[in-house]
Amino acid sequence: MKLTRIVLFPALLAALAAAPAFAALGGDVSSVQADLAHMKGALRVTTNAAVTVHEISTTYGTSVREFTGADGKVFAVSWSGPVNPDLRQVLGSYYPQFAQAASTTHGSHRRLNIEQPGLVVQNVGRLRAFAGRAWVPSMLPVNFSIDDIK
Amino acid sequence: MRKLVILTLLPLVLLGACGGGGGGGTTTPPPPPPPTQMLATAGPPNVEPLVMDAGPAALATAQETAVNTAFVSVKICIPNGGACQTIDHIEVDTGSSGLRVLASSDSPFTLNLPSEMSAGGLPIAECLQFADGSAFGPVATADITLPTSGKTLTNVNVQVIGATGWTVPSDCPGTAENTVVLFGANGILGVGPFLQDCGAACTQTPPIAGTYYTCPTPSTCAAATVTTAQQVPNPVSLFATDNNGVIVEMPAIASGGATNPSKGVLVFGIGTETNNALGSATVLLASDSDGFILASYNGTTNLNAALDSGSNATFFTDSTIPTCTDNASFYCPTSTLNLTATLTGTDNTMATANFTVVNADSVFNANSMATAMPGLSGPIGALPGNNIMIQFDLGMPFFFGRNVFTAIENQTTPGGTGPYYAF
């Protein structure tokens, strides 16, 4: 598979930062720019025919990847780094569903696994080393493997 | 997008030296059987008893039970001879650093501890992030005593989680775990491989959102850069003696589990007393940056690994083991599995880690009163192939029947300088 990488330069980033603050997961591609502004990060875009990955890298080391399909909607997000991202921002309109499920799931401090029909959220780690992901099963593109949400 | 191929780089030197589950040559003879475990006796100057019961009363009220969680009591005092409170059911965690107490502990924590202050004279607060949420509260200064060993510290920073009157900042991510039931304990004693909870990352400007804050008022906290001295430290590292690490010594637990097993201890210091020598334990040096050692399991190498008393199960990936139908967080194999991983330190020293995987449903159906359950295991989940997160988490079941050493970064021990694990 040939991946193309587009590096956006600061002038463009500044323009993108003015985009409206839509939600991320489930939102359209403009939500990526909202997240970019929120996280004051740098963006790298990787794409192929079906899926585009928008990777936001923050100065403090946490990176967030947002996966958009052909319809331009964010169907999955993933993150890794020393601290968790702002999940309200990253999960967007799915945050209330996540928060409700998480508040009734008492497990390990080291891992989170929420599997609902409409939303999956996984997170692993401790301060200094977290990695997690979330997706909306009904929005996954045809033939897309969740193993590729990483 | 079809599956991306993950290329794992195999260090050839390491493979050639490896005799166990790493999949390399097999010329190394099998290791001798482990020596009989010796458990230290609780008492001065450095041994604290571990309780492994169903947890704080608030959990029982909520019809929840702690399993495979080791607790100590800690006496907390207002500095300079002020009032004291002893808080029980504080979880011992070799995977974090720092003492934290829940304001809503079984006996509510009511001491009005002085705030740790910023250089600008503002109270400091912290959002402590976990994978499943975060705990928020002010950083305060206290005198603390571990009551059985007599270990004491004065003017040490601790976090008071869920302190009355404080508002969780909006950028403290995830679910708030500011009550005993949500947190799972009355507090946590982080005795892991790091000197502070956050370290250098939180000393940088601009500050990382969702870690430390300065608070003009308890409801207007803003993310702030703090020095390492202003952070919540691993209290062991500040002890006058026995300050280079800890040993968690848990007795072997019979298959089928046990209720309130006795004899478990938390030993302070490594090689500093007659009761905390490394003996025949293998030292596995951990990464200075992330505190991980590496594990090889079932042909997969270079998995980030840790020995973590704060995990109540062994978490790893094996897609051939079914998860439980009623709780996908745990494995439910048709029969108990005896498995092996090979652990490797940063200097390529290797150790074999034998562990079991039980059917979590079956063992708790057979013994619903168990508070210690060997072989409890589950999938670690999250990101396949991610090289930042922990991928092989040897939790409390691995500690049963073993003395597990955790050496603190930059601290000298007879087995070398931390961070390391040894068993």
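**Exercise 1. Salt bridges over all chains**

Task: how many salt bridges does a search of the whole structure find over all chains?

Solution. Start with the rule: a side-chain nitrogen of Lys or Arg lies within 4 Å of a carboxyl oxygen of Asp or Glu. With this rule, the search of the whole structure gives six salt bridges over all chains. The structure is a predicted model, in which local features need pLDDT of at least 70 and side-chain atom pairs count only at pLDDT 80 or more, while totals for chains, interfaces and linings use all residues. Side-chain values use heavy atoms, without hydrogens and water; residues are numbered from 1 along each chain as its sequence is written, and chains are lettered from A and ligands numbered from 1 in the order in which they are written.

Now take one pair. Arg65(A) bridges to Glu55(A), with the closest N and O atoms 3.8 Å apart. This pair links distant parts of the chain: Arg65(A) sits in strand 4 (residues 63–68) of chain A and Glu55(A) in strand 3 (residues 52–57) of chain A, 10 residues apart. Strands (E, at least two residues) and helices (H or I, at least four) are DSSP runs, numbered from the N terminus.

**Exercise 2. The interface of chain B and chain A**

Task: describe the interface of chain B and chain A by contacts, area and polar pairs.

Solution. Step one, contacts (heavy atoms within 4.5 Å). Here 52 residues of chain B touch 47 residues of chain A.

Step two, area. Buried area is the accessible area (1.4 Å probe) that two parts lose on being put together, summed over both. Between chain B and chain A it is about 4,300 Å², and carbon and sulfur atoms give 56% of that.

Step three, pairs. Two salt bridges are counted between chain B and chain A. Asp93(B) forms a salt bridge with Arg110(A), and the closest N and O atoms are 2.3 Å apart. Polar contacts are pairs of N or O atoms within 3.5 Å; within protein, one must be able to donate a hydrogen and the other to accept it, and residues adjacent in sequence count only if both atoms are side-chain atoms. The rule finds 14 residue pairs in polar contact across this interface, both residues at pLDDT 80 or more.

Step four, the side of chain B that touches chain A. Strand 3 (84–93), strand 5 and helix 3 (180–183) of chain B each supply at least two of its residues. By class, this side has 24 nonpolar, 15 polar and 13 charged residues. Ala, Val, Leu, Ile, Met, Phe, Trp, Tyr, Cys and Pro count as nonpolar, Asp, Glu, Lys and Arg as charged, and the others, Gly among them, as polar.

**Exercise 3. Cavities**

Task: which residues lie nearest the centre of the largest cavity?

Solution. On a 1 Å grid over the protein atoms alone, a cavity is a set of points where a 1.4 Å probe fits but cannot get out; lining residues have an atom within 4 Å of a point. Grid points are joined across faces, edges and corners, and a volume is the space filled by probe spheres set on the points. The search finds five cavities of 30 Å³ or more.

The largest has a volume of about 120 Å³. Of its 15 lining residues, Arg126(A), Leu127(A), Gly95(B), Ser96(B) and Ser97(B) lie nearest the centre. Strand 5 (residues 124–130) of chain B gives the largest share of this lining, three residues.

The second largest cavity has a volume of about 60 Å³. Its lining includes Arg110(A), Arg126(A) and Gly95(B).

Notes
1 Å grid on protein atoms, 1.4 Å probe; cavity = no way out; pocket = protein on both sides within 12 Å on 5 of 7 lines; lining within 4 Å.
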